[in-house]
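This briefing is meant to be read beside the sequence and the coordinates.

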Amino acid sequence: MAARGFPYTDLKDFLAALERAGELRRVSVPVDPTLEISEVVTRTVRAGGPALLFERPTRGEMPVAINLFGTEKRMAMALGVESLDEIGDRIGALVKPELPVGWSGIREGLGKVMQLKSVPPRKVKTAPCQQVVYRGDDVDLNRLPGLQVWPGDGGIFHNYGLTHTKHPETGKRNLGLYRLQQHSRNTLGMHWQIHKDSTAHHAVAERLGQRLPVAVAIGCDPVVSYAASAPLPGDIDEYLFAGFLRGERVEMVDCLTVPLQVPAHAQIVLEGYLEPGERLPEGPFGDHTGFYTPVEPFPVLHIEAMTMQRNPVYHSIVTSKPPQEDHGLGKATERIFQPLLKLLIPDIVDYDLPAAGVFHNCAIVSIRKRYPKHAQKVMNAIWGAHLMSLTKLIVIVDEDCDVHDYNEVAFRAFGNVDYARDLLLTEGPVDHLDHSSYQQFWGGKAGVDATRKLPAEGYTRGWPEEMTMSPEVASLVDKRWKEYGI
C-alpha cells in the first residue's frame, strides 16, 4: 500500500510526510556543519532515531535535511510502500518468463507493458529548481551548508549530489551518486570510481579531446535520490526506474548552460563541465568503510551556473562504519533487486547483504541444494553478476536457513564447514574504496559452503540429523505457557 501523499512532489513534500508520521525532528538551535552535525547524526542513527532538519546551520544559507533513509521504515516511506519486498514482488511479476495464458493472461501482459510505457521522464519548460539563478561570478558554493564529517577529511564535501552525464558518442544518460569535494567557490572534485558509468563517459570525452558537461542535483524527491544509488545495469535509465518506483513520470527540465536535463523539483542544481586531462588531489575522506580513503587525483567540475528553489533545503548524508544511514539504502537495494538476481541465478532462494559488511564485503545466500558442489557453482555465478562481482565473502547456506538471522547463519558457517574442503579461494575485482586488498581494485575473495554435504561430494560419514522439538510438544507448551508462571 502506498504511503499517504505518495509519490512526493519534492524533498519538502517528503519532509512534511515524515513530520506527520513522527519520523522527523527539527533542530532549531545553531549547529556547525563542520563535525558537529556529523556527531549529532551518528548518535541519532545508532539510537534508531528520526530524520533531522537542522534549521540554523552556522555555515551556508539553508537548512540541512539528513538521516532521511536511516531506518527500513523511513526507506519504505520514501518509496511509498509498507515493506521494501513489495517493490521486489512488482519487479518479479514483470520479469516472469511465462507466456500469457487465455484472456486474463493477455490482459495481465498488456498491463505490464502499459506500466512500463507510462513511466519515462517527462520534459517540462519551467521548473521550481530554476526559480533562483546564479551565473558566472555569482556562483558561490559557500551558500550551501556542505559538511565536514570527520576530523581528517580534506575539507567540505557535498555527499548527496546526484550527478548527471551523457555518453559523448551515444547520448546515453547516466545518473550517479558520488561524493563531491569543494575545492573553491565554483569548483568541485568529482570522486567517481573506476567501476562507474560516469567514469566511462569521462574517458570517452577525454579520448575525443572534449569537455564533458555535468549537472549535479541536490535535494531531489526520495525516489530519485534512491534511484541514483541503485546498481542498475548501464543500459537501464535511472529515471525510467524512478518512474516505475513512483508509478508516475519524473518531470525533467533542460539545464540553462549545459545540454543535460535534471529533475524539475530538485532543490539545487549545479551546472558545469570537466576539462579533458585536468585532475586535482581529492580526499582524504572518512568513508562508509570506517576508514579514511587516501588522496587521489580526480576530475574537476567547473560550475558555470547554480540554480535553486526559493527557500531550498539542502540534503546530505553522513558516512562512517556501520551502522549509519546508508543501511536503509543498502537494504532497499537488497530487497528490490532480489528478483533480478534470482532471474540471473535461479538457484538462489534468498540473500542478505549485512550492513557490517558495507553491502559489498559479504553476501549470505540460501540455495535449494540439488547436486555436488552446487554451492560453489552459485558462488562463481554471483562473482559474475554485475556489481555483485565486488563481493569479497560469500556464505552459502541451505534453504531452511533464514539468511537474515545472523545467529543461525553463524551456527551453520561455524559448524557445517570443513575449511580444508568447503572453502573456495579466488581473486577478482574489489571496490575502489577497499583498503585491505594489497593492490587497488582487485584482491582475494572467499566462498564458504555451509550447506549439508552430500556423499557425492566425498562426505561418507552420513550427515547427522539436526535436533528439533516435536510439533506436538511445541504446540502443547504454547497452549500451557501461561500456566507455567514463567
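**Pocket and cavity**

The lining of the largest pocket is made up of 25 nonpolar, 14 polar and eight charged residues, where Ala, Val, Leu, Ile, Met, Phe, Trp, Tyr, Cys and Pro count as nonpolar, Asp, Glu, Lys and Arg as charged, and the others, Gly among them, as polar. The model is predicted, so that local features need pLDDT of at least 70 and side-chain atom pairs count only at pLDDT 80 or more, while totals for chains, interfaces and linings use all residues. Residues are numbered from 1 along each chain as its sequence is written, and side-chain values use heavy atoms, with hydrogens and water left out.

- The largest pocket holds about 1500 Å³ of space; a pocket is an open set of points on a 1 Å grid over the protein atoms alone, with protein on both sides within 12 Å along at least five of seven lines.
- A volume is the space filled by probe spheres set on the points, which are joined across faces, edges and corners.
- In total 47 residues line this pocket, and Lys196, Ser229, Ala230, Pro231 and Leu387 lie nearest its centre; a lining residue has an atom within 4 Å of a point.
- Two or more lining residues come from each of strand S6 (157-166), strand S7 (173-182), helix H9 (326-336) and helix H10 (338-344), with S7 giving the largest share, six residues.
- Helices (H or I, at least four residues) and strands (E, at least two) are DSSP runs, numbered from the N terminus.
- One cavity of 30 Å³ or more is counted, a cavity being a set of points where a 1.4 Å probe fits but cannot get out.
- The largest cavity has about 40 Å³ of space, and its lining comprises four nonpolar, four polar and two charged residues.
- Among the residues that line the largest cavity are His288, Lys321, Asp326, His327 and Phe359.

**Annotated domain**

- An unreviewed UniProt entry places the feature "domain: 3-octaprenyl-4-hydroxybenzoate carboxy-lyase-like N-terminal" at residues 15-91; such annotations may be inferred rather than shown by experiment.
- Residues 15-91 are 40% helix and 14% strand, and the end C-alpha atoms of the span lie 27 Å apart.

**Cysteines**

- The count of disulfides is zero, a disulfide being a pair of cysteine sulfur atoms within 2.5 Å.
- The sulfur of Cys255 is too far for a bond, because the closest cysteine sulfur, in Cys129, is 7.6 Å away.
- For Cys362 the closest cysteine sulfur is that of Cys401, at 12 Å, also too far for a bond.
- Cys255 is buried at 10% relative accessibility, and Cys362 is buried at 14%; buried means under 20% relative accessible area, exposed over 50% and partly exposed in between (1.4 Å probe, protein chains only).

**Backbone geometry**

- Most residues other than glycine have a negative phi, and most peptide bonds are trans.
- Leu35 has a positive phi of about 75° and lies in the loop between strand S1 (24-27) and helix H2 (36-46).
- Phe441, with a positive phi of about 85°, is placed in the loop between strand S22 (423-429) and strand S23 (442-449).
- The peptide bond from Phe6 to Pro7 is cis, with omega near 0°, and Pro7 belongs to the segment before helix H1 (11-20).
- Gly283 and Pro284 are joined by a cis peptide bond with omega of about -5°.
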